[in-house]
Amino acid sequence: LILFIIYGFREGLFTSNEKLIEYIAGYGAVGPIIFMLLQIVQVIFPVIPGGASCLVGVLAFGPIWGFIYNYVGLCLGSMVVFYLSRKYGLRLIRKLFSKETVDKYLGYIRTNKFNWIFMVGIFFPGAPDDLLCYIAGVSKMKWHQFIWVILHGKPLTLVFYSLFIDVLG
């Protein structure tokens, strides 16, 4: 994984949508699986902006299949993040995000508002949803609550990205 990330940066895969699309297309029928794995990885290691990778999915596979591959990859990645956060806690989160940002969102889990903030953050584009998934893992949120929000909240954001790029294209 680390070698792929290094390779991706050297080849410009994470800075050029065209290069990433070309790279994925080079794998033919296995391309969607590779793309979904990339989506999972970009949630776990948030080095690629999520919105950018969603746009790549739509550009590479069209609005419908791009939506489906984005949805599957991002939901699975979010679930992995929740699990990792539950298992490794704040130590992991603090290695991935700035102290100020983590502390800001940790303040919310000490209130009764976190589940609401989490839901709103997942339902609308532009929120730091990867970080919110990590924070949810150290909150009192139950697995079934987390999964419900992820499965129902991700489509709205992805439809926004899919329609946005389809209109521009």
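Visitor: Is Ile-135 buried or exposed?
Guide: Let's start with the number, keeping in mind that this model is predicted. The relative accessibility of Ile-135 comes out at 0%. Buried means under 20%, so Ile-135 counts as buried.

Visitor: Which helix is Ile-135 in?
Guide: Look for the stretch that runs over residues 129-138. Ile-135 falls inside that range, and the helix there is α7.

Visitor: Which residues does Ile-135 touch, leaving out those up to four places away in sequence?
Guide: Touching here takes heavy atoms within 4.5 Å. With the sequence neighbours set aside, the list for Ile-135 reads Ile-93, Val-102, Tyr-105, Leu-106, Ile-109 and Phe-114.

Visitor: How many aromatic pairs does the whole structure have, and what kind do Tyr-7 and Tyr-23 form?
Guide: Searching everything turns up 13 aromatic pairs. For Tyr-7 and Tyr-23, the ring centres are 6.1 Å apart and the planes sit at 50 degrees. This pair links distant parts of the chain, with Tyr-7 in helix α1 and Tyr-23 in helix α2, 16 residues apart. An angle over 60 would be edge-to-face and one under 30 stacked, and the pair of Tyr-7 and Tyr-23 is tilted.

Visitor: What about the rings of Tyr-23 and Tyr-27: what kind of pair are they?
Guide: Their centres lie 5.2 Å apart, with 70 degrees between the planes. The cut-off is over 60 degrees, so Tyr-23 and Tyr-27 are edge-to-face.

Definitions and conventions. Residues numbered from 1 in each chain as written. Predicted model: local features only at pLDDT ≥ 70, side-chain atom pairs only at ≥ 80, totals over all residues. Heavy atoms only, no water. Helix = DSSP H or I, 4+ residues; strand = E, 2+ residues; numbered from the N terminus. Buried < 20%, exposed > 50% of the residue type's maximum accessible area, 1.4 Å probe, protein only. Phe/Tyr/Trp six-rings, centres within 6.5 Å; stacked < 30°, edge-to-face > 60°.
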